[in-house]
Amino acid sequence: ALAAALDLPEKPRAYALFAHCFSCTKDIKAAREIARALRAEGFAVMRFDFTGLGASEGEFANTNFSSNVDDLVAAADYLRETYEAPSILIGHSLGGAAAIVAAGRIPEVKGVATIGAPAEADHVAMQIAEHRDEIEAKGKATVSLAGRPFTIKKQFLDDLEKQDVLACAEKLKKPLLLMHAPLDKTVGVENATRIFVAAKHPKSFISLDTADHLLSNPDDARYAALVLAAWAGRYIGAAPHALATSLAPPFAGGALASTVEGEPFAVALSIDGHPMLIDAGTEDGGHDLGPNPTRTVEGALAACGVMTIRMYARRKKWDVKSVEIRIRPGKAEGEAGDSHAPKVLEKELRLKGDLDEAQRGRLLEIADKCPVHRMLTGGVTVNSRIA
């Protein structure tokens, strides 16, 4: 039995399967961060422990690269039977090589993404090179990997030598995304070059800049996830903002809102031709595909205030480096708060720059003179009719 974790959004765009690095587990920081970031982009991500690692059953000593590939296929089978077959395979380090090999056995896969993957499976043998003679002579040896002892058998090394990752990359016939850090000291970036040359188009390479092999900096992991989501969107369907572009008809001189087929409350909105989605939160029966209408009004008030301050400061040549306005619903005196129809809005300004107290006070006044603020506080008459 393999242990797994599933990061599941309310309404998944697609399912992805994540294969972790050699001797790691599904709970390595990079795997968690990538799964969470992809979930926020609408992807369901299942990450699992290979046999004998983490919470999965079995003996690590009896595993090898081939069994890792089998585990990937078994995990895909589980997703297919229980939820939906994975459209995207993601592999980190040796897990990336395994994903390239396994993709041919999972027909629903529409794309493969790797992070720091070796071009040859036996690259991992470099990590245990000093024990190779002992393994060859005695059939096995205990080695230290990432500070933990593991038993490596000769069959593990024999299996690595039989693998041909580059040949599988050449036969992949699926979109391939290679992400690799130029400063990776564990798996050199030249491995990405070799895989890229072997693979057929469509193929893409993204440099992870100063990241380390394990993407130990959460910002690097989140960046990789956002790039991955944008890349995958070309092959599995549009993200909510792209969906809005396709659904919202062009409309100038105001706002146009229309229903979204198949959604209980989502609305395709066009504001002077700029599309977006508006939706109710899950607590109100929606799918949270976009901000709710009240939050959108609050957002307009905050944005309008920032723009008005910047315009005023530029005209006065004041040193305003940045402006941040936060709007939250407040409670009217003697009344309970209503998050959907607040009677009071609390506005908080945060200004950065070389400003004295008089200037800061004046900018607070200017924020309250923005068009949206005046519209909300002055009252608006709405004339409704059926066309």
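These legends describe close-up views of cysteine residues in a predicted model.

**View 1. The disulfide between Cys-21 and Cys-24.** The structure holds one disulfide. Its partners are Cys-21 and Cys-24, with their sulfur atoms 2.0 Å apart. The torsion about the S-S bond of Cys-21 and Cys-24 is about -95 degrees, so the disulfide is left-handed. Cys-21 is buried, with a relative accessible area of 2%. Cys-24 also counts as buried, because its relative accessibility of 12% falls under 20%.

**View 2. The surroundings of Cys-21.** Cys-21 sits in the loop between strand β2 (14–19) and helix α1 (29–40). Leaving out residues up to four places away in sequence, Cys-21 touches Ile-28, His-92, Ser-93, Gly-95 and Leu-214. Leu-183 lies 162 residues from Cys-21 along the chain, and the C-alpha atoms of these two residues are separated by 18 Å.

View 3. The cysteine sulfur closest to that of Cys-370 belongs to Cys-304. The distance between these two sulfur atoms is 3.3 Å, which is too far for a bond, because a disulfide needs the sulfur atoms to be within 2.5 Å. Cys-370 is buried, at 0% relative accessibility.

**View 4. Cys-168, a partly exposed cysteine.** Cys-168 has a relative accessibility of 25% and therefore counts as partly exposed. This class lies between buried, under 20%, and exposed, over 50%.

Terms used: Residues are numbered from 1 along each chain as its sequence is written. This is a predicted model: local features need pLDDT of at least 70, side-chain atom pairs count only at pLDDT 80 or more; totals for chains, interfaces and linings use all residues. Side-chain values use heavy atoms; hydrogens and water are left out. Helices (H or I, at least four residues) and strands (E, at least two) are DSSP runs, numbered from the N terminus. Buried means under 20% relative accessible area, exposed over 50%, partly exposed in between (1.4 Å probe, protein chains only). Contact means heavy atoms within 4.5 Å.
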